[in-house]
Amino acid sequence: MSSSGTTRITVLTVPDCPNTRLVRERITEALQGRTVPVEWIEVTDEAEAVRQGMTGSPTLLLDGTDPFAPPGSVPSLSCRIYRHTDGTVDGAPAVVDLRRLLA
C-alpha cells in the first residue's frame, strides 16, 4: 500500500485495447463503491512497456506490482489473457480475484 494507506491502482493498455472497458467494469465492481484513484496509462512502444512493467494489455499494477503476471512474463504490447480459477479465460482479472487483492 502507498503511504496514504490506499492501494495504488495503475492500468496499462495499448491504444484501442478491446479489454479496456472490461477491466474498468471489473475494477469498479470489485471496489464495491469505494473511491480509489485509478491511473490509466496508454503504452505505445516496447521501450515504454519495459519501463512500465507491462506484460500485455491490459496490465493491472497494484502499488507498482503485477499480481497476475505468470512466472517468466516478459514486457509486451500484445493482448493479455487472464486465466481464472474456474478454468475460463478472458481479457481481464476476475472480480473475485480483484476483490481479494483490494481488500
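Biologist: What should I know before I start?

Modeller: This is a predicted model: local features need pLDDT of at least 70, side-chain atom pairs count only at pLDDT 80 or more, and totals for chains, interfaces and linings use all residues. Residues are numbered from 1 along each chain as its sequence is written, and side-chain values use heavy atoms, with hydrogens and water left out.

Biologist: How are helices and strands named?

Modeller: They are DSSP runs, numbered from the N terminus: helices are H or I with at least four residues, strands are E with at least two. Two strands pair if DSSP finds at least two bridges between them. Here S1 and strand S2 (residues 38-42) run parallel, joined by 5 bridges.

Biologist: Which residue in S2 is the bridge partner of isoleucine 9?

Modeller: Valine 38 is that partner.

Biologist: What unit do S1, H1 and S2 make?

Modeller: A right-handed β-α-β unit. Point the strands away from you; a crossover is right-handed if the path from the first strand over the helix to the second runs clockwise.

Biologist: Is threonine 20 buried or exposed?

Modeller: Threonine 20 counts as buried, because its relative accessibility is 17%. Threonine 20 lies in helix H1. Residues up to four places away in sequence aside, threonine 20 touches Thr13 and Trp40.

Biologist: Where is proline 18 found?

Modeller: In the loop between strand S1 (9-13) and helix H1 (20-31). Proline 18 has a relative accessible area of 62%, so it is exposed. Now compare sequence with space. Proline 18 and glycine 91 are 73 residues apart along the chain, yet their C-alpha atoms are separated by 8.3 Å.

Biologist: Can you show me another loop residue?

Modeller: Glycine 53 counts as partly exposed, because its relative accessibility is 30%. Glycine 53 touches Leu12, Thr59 and Leu61, not counting residues up to four places away in sequence. Alanine 103 is 50 residues from glycine 53 in sequence and 23 Å away in space, C-alpha to C-alpha.

Biologist: Now the pocket. How is one defined?

Modeller: On a 1 Å grid over the protein atoms alone, a pocket is an open set of points where a 1.4 Å probe fits, with protein on both sides within 12 Å along at least five of seven lines; lining residues have an atom within 4 Å of a point. Here the largest pocket is lined by 17 residues. Phe68, Arg80, Ile81, Tyr82 and Arg83 lie nearest its centre.

Biologist: Which strand gives the most to the lining of the largest pocket?

Modeller: S5, with 3 residues. Strand S3 (55-57), strand S5 (76-79) and strand S6 (82-83) each supply at least two residues of that lining.

Terms used
Buried means under 20% relative accessible area, exposed over 50%, partly exposed in between (1.4 Å probe, protein chains only). Contact means heavy atoms within 4.5 Å.
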